[in-house]
Amino acid sequence: AAQPPEEQCGEGGLTPASSPSHNRDTSENHQKSGHGGTQPTNHTKKPFPVLSFDYKHVKQPFEIFLWVLLASLMKLGFHMMPRLSSIVPESCLLIVVGLLVGGIISLVGEKPPVLDSHVFFLYLLPPIILDAGYFLPIRPFTENIGTILIFAVVGTLWNAFFIGGVLYGVCQIEGTNLHTVTLLPCLLFGSIISAVDPVAVLAVFEEIHINELLHILVFGESLLNDAVTVVLYHLFEEYAGVGTVTVIDVFLGIVSFLVVSLGGVMVGAIYGVLAAFTSRFTAHARVIEPLFVFVYSYMAYLSAEVFHLSGIMALIACGAIMRPYVEANISHKSHTTIKYFLKMSSSVSETLIFIFLGVSTVAGSHRWNWTFVVVTIILCMVARVLGVIGLTHVINKFRIVKLTTKDQFIIAYGGLRGAIAFSLGFLLDSNRFPMRDMFLTAIITVIFFTVFVQGMTIRPLVDLLAVKKKQETKRSINEEIHTQFLDHLLTGIEDICGHYGHHHWKDKLNRFNKKYVKKCLIVGERSKEPQLIAFYHKMEMKQAIELVESGGGVKLPSAMPSTVSINIQPKKTPSERALPQISKSREEEIRKILRTNLQKTRQRLQSYNRHTLMADPYEDGWNEILIKKKKMIEFEKRISQMNNYLTVPAPPPDSPTIARARLASDPQAWSIKPAADAGTIPSIKVDLASPQTPDSVSMVDEFGKPASRVPREPEDEEEGLMMRPPLGEKGEKEEQEEGKEQQRLLRCLSDPGPAVAEEEEDEPFLP
């Protein structure tokens, strides 16, 4: 007999909540039973499901975006409470939120999610590092690259070996219950906990607005120590099971560090150049311009991770290299999209990281050891302080701007640890490292101590010590001009001194960039545009956008009271401008003159430095001889040109009694005015006590013929200049003739000529 309709309905489950797949399976069973049996089956019409529920189908993306929404709401609520944000850093509040959420999930009976290292390194960390690398301040970073590398490489090595070595010594003390921990696991733990975390540094230092020098030193150290951390982590993890490390292993570790760091930079540079070259051809597809920036950057990170290179350094290199060329090619809308998308993704990733740190603390398994945890916190602080003081003592010997005691304190106090250390500890295999839970507990404790204690107290300490803060000033054309002028000036000084310093190599790199790289990576006339003009266009665009956003050009109703006075003058038409119109050829000629004479330093002909200036002891003496000989030749030419002037007698003086005749080449010469009354005026004798008076002079007559050399008589030397009474008409004529001869003689004496010019030429001539 056929089954009643009620039973079929019950077996089919025709309820509004039944899924379509369940209904389809039931109808297929009915069809099979109808074909196999002799009794026919009755098909009933099923109502269409109005509402269905299938959470498993969307569980994973739903939970991901639920966490993102929760993190964003927490961030929004945090900034709506200014009093709280001025005391507690944002990272601390997010960790507290994570702890509360993890506790609630545990109370409900569910297992809280743990911050998976795979998710952290592949999805959460890259947006933060790309944002930091793309907007990295290149000038302060390159000017302090030596200091940053010393802190990142030498400082991290010191912290890792100091913490690991002392911890191993503490573990061997009886009563600590840590005698099973050997040296290599301790060194592995030291390499994990010693690295400064860029996420934590960004979260804290951007809130306190520290000055640019300290910010770039600490943040640059946190970025570049990734290579040291990766090498030490893999080295100690590899040899922890073996138990012995040979000299060859140490040598291979050093080579591995160079390969990891330089290889990461090389991979990032290649992808950065590819991104810049691709942006040349996106003029007709502006919509996908931002996509190339994100895809090429992420490909650089993944390519570096494939070979266990430094993915962080690859992202930093890729972002820093591509930015100037990409921004010259893409539109302004694409630039705005890239900027805000990077800021948004890095902010969301940072928020999720700190929340999941709190959740993982509740969810993870822990093994608490008071000795190990307390000693780890103390050693982290001591190693950081000693490393900063010791390295700064060496660095200040080579720095022009010295790091003060306050700067050293902020650098040491700002060494925060974060999620990178937790993820590296989470990656450890519990079978090979039985102490993994204890390591994770100590790492989380150090992270909480640095983020909460140091992060909350660094702002009051900065205010207390009066550390210089970042000045929020906009760059101007005046500042850009002076900066470029000082760069060219310092490059020229280094070029003259023969010193291959920072500015010399920077100038070489800029020349190479302008001559070759820009032509290949920048499309159109922008490749030939000077840096100052490009900066002016950028400022002009920025001011125009700010003007539009502030409501410029919009007339406010007179009835509405306004506290903002907007004074915007209408833009002048080209006919109203006072600037003269310059032709293209003339403009190109002016640019060529400026580029040749102002922007390029002179070509090097011969290099001099302070070590080789006195290499030839006779070089200075020979140069002096040549200079004297040249001066002598010029002096003889001048004398030959002045022969006519030397032999012309001076006009008779009117008054005073003694008149002076002065030429450009001779000292003072004195002539005698004949007096009318000879008896009333006494004679005055003046000695010619000149050390430059020669024994014989060469007299030249007024026709230019050389006269015989006239020896000086002793009487003339003793007589000097005499003023005598008149002697009558005959005596007056004789006196005038004698005065003329004496005047000619004095003129010749005042300029003895090249024959005696070298004798005591520096002493003064006193007539």
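I started at helix α19 of this predicted model and checked which residues are tucked away: Ala419, Ile420, Ala421, Phe422, Ser423, Leu424 and Gly425 are buried. That makes seven of the eight residues in α19.

Next I looked for a packing partner. The axis of α6 (residues 117-134) comes within 9 Å of the axis of α19 (residues 419-426), and the two cross at roughly 145°. From α6, I noted Ser117, Phe120, Phe121 and Leu125 in the contact; α19 brings Ala419, Ile420, Ser423, Leu424 and Phe426. I sorted these contact residues into seven nonpolar, two polar and no charged.

Then salt bridges. I get a count of ten.

- Lys75 and Glu90 pair up at 2.2 Å, N to O. Lys75 sits in α3 and Glu90 in α5 (residues 90-108), 15 residues apart. Both Lys75 and Glu90 are buried.
- Arg384 bridges to Glu221 at 2.7 Å. This one joins α17 (residues 370-395) to α11 (residues 212-224), across 163 residues. Arg384 counts as buried because its relative accessibility is 5%, and Glu221 is buried too, at 2%.
- Asp507 meets Arg511 at 3.3 Å. They are four residues apart in α22 (residues 502-521), so about one helical turn separates them. Asp507 is buried at 11%, whereas Arg511 is partly exposed at 26%.
- I also found Arg139, Glu143, Asp487 and Lys506 linked in a network.

Last, the surface. I picked out a nonpolar patch with about 1,100 Å² of accessible area together; its members include Phe53, Tyr55, Val58 and Phe62. Val58 lies in the loop between α2 (20-36) and α3 (59-79), and Val58 is partly exposed at 36%.

Methods: Residues numbered from 1 in each chain as written. Predicted model: local features only at pLDDT ≥ 70, side-chain atom pairs only at ≥ 80, totals over all residues. Heavy atoms only, no water. Axes fitted to C-alpha atoms, helices over the stretch in contact; angles between N-to-C directions. Contact = heavy atoms within 4.5 Å. Nonpolar A, V, L, I, M, F, W, Y, C, P; charged D, E, K, R; others polar. Buried < 20%, exposed > 50% of the residue type's maximum accessible area, 1.4 Å probe, protein only. Patch = residues over 30% accessible without salt bridge, like charges linked within 9 Å, V, L, I, M, F, W, Y side chains within 5 Å. Areas by Shrake-Rupley, 256 points an atom, 1.4 Å probe, with all protein chains shown as cover. Salt bridge = Lys/Arg side-chain N within 4 Å of Asp/Glu carboxyl O.
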